[in-house]
Amino acid sequence: ITWTSTNAASCSVSPQGWFGTSGSQSVFPNTITTYTITCSNSAGQVSDSVTVSVETITPTVDLTAAPININRGENAVLVWSSSNAETCTASGGWSGTKSRSGSEVTVPSSDTTYSIICTREGRIATDSITIDVNTSEPPITGTFNLACSVSNPTVTVGNTVNFVAGH
């Protein structure tokens, strides 16, 4: 911030508390800040102000998985991408520092939630996804042959026939 005055006996800049009828200072505000200069002489005082807006750069992150529903023993691919992030960290079903974008194969044994947190200068972006794992046993399929033999091949209507499974 630079200021000058004409015919001023004294000036002060707030909120910083700088003094002088002219000057220059570098400022690094974290939020929108209004700087006001007040100058005075024997005839009175005048003020002027300037507002410095702060552009915040917020990170973003997107996490997806394919497929999202799997059977036990199958794999899924996690894919993430971030923008404006300095660091990314995984948690939940995975862990550790991750690159700002990438992919990773996972083989969860049960329903698992994967999360990623990306940060920049204290600002945080996070995303999560859950992979659903079918843990039931698959149905038995195939071709089956049934053979049976009877001791008395003649059966009268109304009589009961018993089958006994053998090995």
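Visitor: Which residues of strand β7 (residues 60-66) make up its covered face, and which the uncovered one?

Guide: In this predicted model, V61, L63 and A65 form the covered face of β7. The uncovered face holds T60, D62, T64 and A66.

Visitor: What makes β7 and β9 (residues 76-83) a pair?

Guide: Two strands count as paired when DSSP finds at least two bridges between them. Here 7 bridges join β7 to β9, so the pair qualifies, and the two run antiparallel. Among the partners, A65 is bridged to L78 in β9.

Visitor: How do you know that β5 (residues 33-41) pairs with β6?

Guide: The same test applies: at least two bridges are needed, and β5 and β6 share 9, in the antiparallel sense.

Visitor: Why are β3 (18-19) and β6 (44-52) called edges?

Guide: Let's start with the sheet: it is open, with 4 strands in the order β3-β2-β5-β6 and antiparallel pairing. β3 and β6 each have a single partner strand, so one side of each lacks a neighbour in the sheet.

Visitor: What makes a group of residues a nonpolar core?

Guide: Its members are buried nonpolar residues from a set list, joined through side-chain atoms within 4.5 Å. The largest such core here has 18 residues, and L63, L78, W94, Y114, I116 and I131 have the most contacts inside it. β14 (123-134) gives the most to this core, with 4 residues.

Visitor: What does L78 touch?

Guide: Leaving out residues up to four places away in sequence, the contacts of L78 include L63, A65, W94, Y114 and I131.

Terms used. Residues are numbered from 1 along each chain as its sequence is written. This is a predicted model: local features need pLDDT of at least 70, side-chain atom pairs count only at pLDDT 80 or more; totals for chains, interfaces and linings use all residues. Side-chain values use heavy atoms; hydrogens and water are left out. Buried means under 20% relative accessible area, exposed over 50%, partly exposed in between (1.4 Å probe, protein chains only). Contact means heavy atoms within 4.5 Å.
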